[in-house]
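Dear colleague,

Please find the structure below.

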Amino acid sequence: MLADATTRSGGTATASPPALATELAVAVPAAAPLVPVAPTGFTTRCTRALLSPWSRLSLLLVLLAGAASTVLLFHPQRLLSDGWPPQLGGVAAALVFAGAYGLCSVAFVPRPLLNLAAGALFGSQLGTGAALAGTVLGAGISFGLGRVLGQDALRPLLRGRWLKAADGQLSRHGFRSMMAARLFPGLPFWGVNYCAAVSRMRWTPFLLATALGSLPNTAAYVVAGARASSPTSPAFLIAMACITLPALGGAVVAWRKRHHLRAR
């Protein structure tokens with residue numbers, strides 16, 4: 001009552017503590033909750049550095065150099081023709097051969113040598129199946145390594161006109177381009193795999209075109225290996241013709257694509 005009387009008489013009233021606290025709560029907004037910031041430690045920085053595109057590309061180069069060194073030092077391709085385990089036979093041996101074929105093709109062992117070994121070991125039919133399965137397996141491994149470890153680092157480097165045109169061809173017309181590349185024996189198997197991995201080609205066109213495009217050349221070499229003891233036989237001569245004709249077809253396709261890219 002004293003505070004009310006003072007107010008009515010023109011004096012200055014002193015607010016009570018509860019009223020003052022209420023006014024301060026209304027005047028001063030509540031502070032926003034603080035979001036905890038995760039500290040950037042040494043482990044986090046090392047993890048980011050190891051997972052960076054250039055670190056992954058370096059890992060890919062180390063793996064490829066190690067595979068090439070292994071081939072040069074130990075010649076694992078000899079095991080496929082000379083030292084094959086005698087306890088394996090039939091389909092089981094062909095499956096093991098296909099797995100070894102795939103790993104050796106990733107390690108830069110020439111595929112014609114592996115195809116000839118498949119024909120010498122398993123004959124024409126089973127050898128063709130084993131060699132083709134190994135071809136697709138090796139291509140898939142190379143494509144996966146290139147896509148995971150090399151694509152992010154190499155795609156920003158595709159700045160030249162020819163590089164952009166080749167990348168666009170592989171990305172937009174993957175199946176057709178890969179078929180042409182597989183039918184032309186002059187292109188290195190591993191080089192085509194990694195070029196396709198850097199592009200935006202999808203897995204399904206890559207593997208399907210690899211299987212279909214590699215079939216004529218692979219079967220021809222396998223038959224030649226199976227009939228190498230009789231080089232004058234019709235089967236051997238037909239196989240040699242089938243090795244030559246895809247090369248000519250691939251050369252024609254490459255020539256037409258070259259003029260198409262120039263026109264662009």
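At 0% relative accessibility, Phe143 counts as buried (buried means under 20% relative accessible area, exposed over 50% and partly exposed in between, with a 1.4 Å probe and protein chains only). Please note that this is a predicted model, in which local features need pLDDT of at least 70, side-chain atom pairs count only at pLDDT 80 or more, and totals for chains, interfaces and linings use all residues. Residues are numbered from 1 along each chain as its sequence is written, and side-chain values use heavy atoms, with hydrogens and water left out.

Phe143 forms an edge-to-face aromatic pair with Trp203, at 4.7 Å centre to centre and 75° between the planes. Rings of Phe, Tyr and Trp (its six-membered ring) pair if their centres lie within 6.5 Å; planes under 30 degrees apart count as stacked, over 60 as edge-to-face and the rest as tilted. Trp203 is partly exposed, with a relative accessible area of 40%. Because Phe143 lies in helix α7 and Trp203 in helix α11 (residues 203-226), the pair ties together parts that are 60 residues apart in sequence. Helices (H or I, at least four residues) are DSSP runs, numbered from the N terminus.

The structure holds five aromatic pairs. In one of them, the ring centres of Phe97 and Phe122 are 5.3 Å apart and the planes stand at 75°, so this pair is edge-to-face. Phe97 is buried at 0% relative accessible area, and Phe122 is buried at 16%. Phe97, Tyr101 and Phe122 form one aromatic cluster.

Key: Helix = DSSP H or I, 4+ residues; strand = E, 2+ residues; numbered from the N terminus.
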